[in-house]
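Thanks for coming. I will go through a few local features of one chain, so please have the sequence and the model open.

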Amino acid sequence: MLEPQGTLFFLLLMMAFGALVIWLVLTKQVVFRVLAACLAFIPAMVFGIAAVNKYYDYYQTWGALFSDLSGQAQSIPHLSAASLKRDGSLRQQISSTNAGLDAQFGALFSTTVTGPRSHITRQVYVYLPPQYFAKAYANYRFPAIELLHGAPGQPATWVNVMNVIPIYLNLLAEHKASPAVLVMPDTDGGLQYSLQCLNDPHGLQDMTFVGTEVPNWAAANLRVQRPGLMWGIAGYSEGGFCAANIGLQDAHRFGYVGVESGYFAPDASQVPTGGRAGGKPHDINVFAHDKRLLEINTPDEYIQNVPVGVPQFFLAAGADDLSDVQNAEYFRQLLLLRVADVPPVDIVSGGGHQAMVWRSALTPMLEWMTAGLSWQVQHFAAAEAGKQPTAHHAHSARKANDLAPKTAHTAVPRATV
């Protein structure tokens, strides 16, 4: 009841504000009237912030609020690339408990990645599924999904707010999803920025870092496939735009794209002054003076002229946000001009541009994407062995499209593990 969205918490704030207002009215001394007015501002401000948080259904617990604002998903190990390459000791590097827990729940850790071309250094979260630690998968290179947060946001948001790990574990336990490694990079470099994963002609090369250097780092340091058809990329809000834009421009590096409440034309970016981490943010239209680059980085435009094939797309939006729904439906129509089979937009009822919509859409998106990625791995292995894909492989391919919902669904709370 005292959680950030609890009714009791809102009532306590209202009572505190009311008591201070009464004190302000009844007290005769000027100093106490000023003090009461100043103190009354605090619960009023907190009430406003809490109301916004409740509307967007963002932080559901105080722990999630503290962890996300501090940039930490509880207490997870931070590993270097050097320790990751010593794969024989990876379990000991990640977990301080025992192998049984890794095999049951998988493992989450953070690391720091520096892009050799972009020269960007940022935090990346990685989740290894339980199968990563199973003997049966000892020589298996997993497909991977890169998850991109919105703005403001950071990698920990996927864990603290989106609940991606318990949602994914439930799907794995119910055999509704296939194992894949989840890679969650910091796409903005700070809560005050909104870079939109764009390569600024005169500044930060954010797309290069997110779309090229992070997947390359993962392939070099983890047991995952090289970027290609066995990689997916997905995001919500700004991260949805990033996923669509990168997925179209780097179609040879990503086979599957998930867009939740995303948009399909860049907004003004908030970038650090001088392109340096920690710099004061300022607004800029990155491609204001380059119409060609603007068209390339506008998925609505680029998809009509893209010179090669496009990856498969999953689109989702909250029913209460008509703009998000219309954007997704319009982009799907453009996709149908290039791809014969595009799943219908997953319209989540009971929400708009909110975290509850993105959490709800995660389940069908992960079902759809991991089924497709698993089929690509099997298909590639069969091709290398000189065999034709089996009936099971063909079934998995159909499942990748069949799993996408055909009608709107009602968002319901997901069970936790």
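Valine 21 counts as partly exposed because its relative accessibility is 31%; buried means under 20% relative accessible area, exposed over 50%, and partly exposed in between, with a 1.4 Å probe and protein chains only. Before I go on, this is a predicted model, where local features need pLDDT of at least 70, side-chain atom pairs count only at pLDDT 80 or more, and totals for chains, interfaces and linings use all residues. Residues are numbered from 1 along each chain as its sequence is written, and side-chain values use heavy atoms, with hydrogens and water left out.

Valine 21 sits in helix 1, residues 7–26. Helices here are DSSP runs of H or I with at least four residues, strands are runs of E with at least two, and both are numbered from the N terminus.

What do Val21, Ile22, Val25 and Leu26 form on the surface? They form a nonpolar patch, with about 370 Å² of accessible area together. The areas come from the Shrake-Rupley method with a 1.4 Å probe, and for residues only the protein chains shown count as cover. Patch residues have over 30% relative accessible area and no salt bridge; nonpolar side chains (Val, Leu, Ile, Met, Phe, Trp, Tyr) are joined within 5 Å, like charges within 9 Å. A salt bridge is a side-chain nitrogen of Lys or Arg within 4 Å of a carboxyl oxygen of Asp or Glu.

Next, a helix pair. Helix 8 (residues 164–173) packs against helix 14 (residues 355–384) at an angle of about 50°, and their axes are 10 Å apart. That angle makes helix 8 oblique to helix 14. Axes are lines fitted to C-alpha atoms, for helices over the stretch in contact, and angles run from 0 to 180 degrees between N-to-C directions. Under 35 degrees is roughly parallel, over 145 roughly antiparallel, 65 to 115 roughly perpendicular, and the rest oblique.

Now the backbone. Most residues other than glycine have a negative phi, and most peptide bonds are trans. Alanine 151 and proline 152 are joined by a cis peptide bond, with omega about 0°. Proline 152 is in the loop between strand 4 (144–148) and helix 7 (155–160).

Histidine 175 is not a glycine, yet has a positive phi of about 60°. Is histidine 175 buried or exposed? It counts as exposed, at 66% relative accessibility. Cysteine 197 also has a positive phi, about 55°, but cysteine 197 is buried, with a relative accessible area of 0%.
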